[in-house]
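I opened my notebook to look up how this chain holds together.

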Amino acid sequence: SAGGAGPADSAEPSGTISMATVTAFEQVVTAYNTVLEAVGTLGAYISAFVATNSRDEVAQARQSELQQQLVPLALLGTRFTAWIGSLDVAELIARSPLAAAHAYTLTRAHEEARHLMSPAEEALAAELNTSGAAAWGKLYSTVASQVMVPLEQAGSVREVPMTIVRNMAFAPDRETRRQGYVAEIAAWERNAVPLAAALNSIKGQVNTLARHRGWATPLDEAIHDTNIDRATLDAMFAAARESFPDFRRYLRAKARALGIPRMAFYDIFAPVGHMDRSWAFEDAAAYIVRQFGTFGPKLAGLADRAFRERWIDAEPRAGKRGGAFCMRLRGGESRVMSNYDPSYEGMSTLAHELGHAYHNLNLADRTPLQRATPMTLAETASIFCETLVKEAALAEASPTEQIPIIEAAIQNACQVVVDIMSRFLFEERVFTGRLERDLAVEELCVIMREAQLETYGDGLDPDALHPYMWAAKPHYYSGGRSFYNFPYMFGLLFGLGLFARYQGDPAAFRAGYDDLLSLTGMGDAASRAARFGIDIRDIEFWRASFRMIRADIDRFESLIATQP
């Protein structure tokens, strides 16, 4: 029950934890984990229907009902944090094996308790969120997934889903890419007013709650939530800014390869080079299983099971959410949604998402509280698996076929470093502006365009950017998590650093890798990285990861120069 008195409502003086408190703690944590396990499976089940068909009114209704039911659970979670904050955590850990097994969770809860409002205020915030940020986020998902785009081709106009239009960015023909870009921008412009209202409302709520909870800014709260510190973020961003000239060099080289004077935003995903290998979905599945097998049977077995048991919803279709994601369902099972494109990039994305599934498999024996992995470490296995298939594909390819493979890897790195930085700058500036007032559609577009100019620089045509990227990216519309961007950069660079260590000593790496994945929710990012001799607060680590990307860019330029 969310009401009434209980162990989470009373505090004990430090150093006087009684046996009754230890017993109560163990009962509460056991019950809490049981409920979180059930809710996680139920939420994933319903989300799978909504994400793959936003027109499913039954699933939408069940999701709304579940959100209502989660309010009392959120209140209990807040009370649990407050209770832990009132206890001597070190003594509790020393006296209870169950507490010791959840030591990191308890230490974080003790710290987070300092950022709680009063119980009544937290209860009100949780209840209002259902009709506040959560409702605005649902509005965004519904509107964005149901946008139908008028598209003129071969002299006739037909309406197609936004996912189809966005996939036109991968077309080899530049005019097709341009048509898709123009149609997409126009469609977002037509739907911009409700999306801007959603964005303003969500960011306004986050600002308000962060202030009342004692966070200096929403970014400070996000840094804490991702289990890193400001020194780590600053070191990574400093190295990222140093890399911008290399990425701009890559974009100019890609323009030369495409035979165009300058890259436009709609050219970013243009295919370069040619591959004779087929990447139909069935071929991609077989290739991924085979390459995962070079690392080990457990990884290959996970991928084989995912394809065999149809864990993957792959085809683009009307009403389906864009992009790709993986979510845990139960035990070691996951479900993957993608909008599969029969290209190397499509195969690589599948490998990436199945990396998340492998991470989930290694977390299967942890309790829900133990496997609460921060976003910074959530990309560890996915980047590793993506890099595994990339290196295998490069080793098998002719120089001509190496071009699209290596370009896909650099293209992804450019998105995760350069584009992510633009999205970070946009969000940071929106939070600042939102302190004063609502931001109009045109203002949001100006902020996004300025962020893209600051990061892409002369690598892209300034007259062909994407000012509506704020409307295209669903991450901005999560009320429960802000700055859903820089952790991807961390994940890529950390994953590359781990892969380098795998190449240096495969046997030693295999011996500790699964253990690392199983512990990602049981320590901060710095301590997890230290297990592999990595200091994430040192800019040199991040520079070393960028050297790997720079080597790919050098190789890409050399390959392009040899082409007729």
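**Entry 1: strands**

I looked up Arg330 first, and its bridge partner in S5 is Glu333. I am working on a predicted model, where local features need pLDDT of at least 70, side-chain atom pairs count only at pLDDT 80 or more, and totals for chains, interfaces and linings use all residues. Residues are numbered from 1 along each chain as its sequence is written, and side-chain values use heavy atoms, with hydrogens and water left out.

I noted what the labels stand for: helices (H or I, at least four residues) and strands (E, at least two) are DSSP runs, numbered from the N terminus. Two strands pair if DSSP finds at least two bridges between them.

S4 and S5 run antiparallel, joined by five bridges. They belong to an open sheet of three strands, in the order S3-S5-S4, with mixed pairing. Which strands stand at the edges? Strand S3 (312–313) and strand S4 (325–330) do, each with a single partner strand, so one side of each has no neighbour in the sheet.

I then turned to the hairpin of S1 and S2. Six bridges join strand S1 (residues 148–153) to strand S2 (residues 156–161), and the two run antiparallel. Pro150 stands opposite Glu159 in S2. Two residues lie between the strands of this hairpin, and Ala154 takes a positive phi near 55°.

**Entry 2: salt bridges**

I searched the whole structure for salt bridges (a side-chain nitrogen of Lys or Arg within 4 Å of a carboxyl oxygen of Asp or Glu). The search finds 37.

One of them joins the side chains of Glu37 and Arg371, at 2.6 Å, N to O. Glu37 lies in helix H1 (residues 19–52) and Arg371 in the loop between helix H15 (344–362) and helix H16 (375–378), so the pair ties together parts that are 334 residues apart in sequence.

Are these two buried or exposed? I used these cut-offs: buried is under 20% relative accessible area, exposed is over 50%, and partly exposed is in between (1.4 Å probe, protein chains only). Glu37 is partly exposed at 24%. Arg371 is buried at 13%.

I met Glu333 again here. Glu333 forms a salt bridge with Arg305, with the closest N and O atoms 3.6 Å apart. This pair links distant parts of the chain: Glu333 is in strand S5 (residues 333–337) and Arg305 in helix H14 (residues 297–308), 28 residues apart. Glu333 is buried at 12%, and Arg305 is partly exposed at 30%.

Lys390 and Glu391 form another salt bridge, their closest N and O atoms being 3.3 Å apart. Lys390 is buried at 10%. Glu391 is partly exposed at 28%.

I also found a network: salt bridges that share partners join Asp246, Arg249, Arg256, Arg550, Asp554 and Glu557.

**Entry 3: nonpolar cores**

I looked for cores, meaning sets of buried Ala, Val, Leu, Ile, Met, Phe, Trp, Tyr and Cys residues joined through side-chain atoms within 4.5 Å. The largest has 146 residues, and those with the most contacts inside it are Phe292, Leu354, Trp470, Phe486 and Met489. Helix H18 (residues 399–434) gives the largest share of this core, 17 residues. Another core, of 17 residues, lies apart from it, with Ala24, Leu73, Phe80 and Ala109 among them.

What does Met489 touch? Counting contact as heavy atoms within 4.5 Å, and leaving out residues up to four places away in sequence, I listed Met236, Phe237, Ala240, Val416, Val417, Ile420 and Met421.
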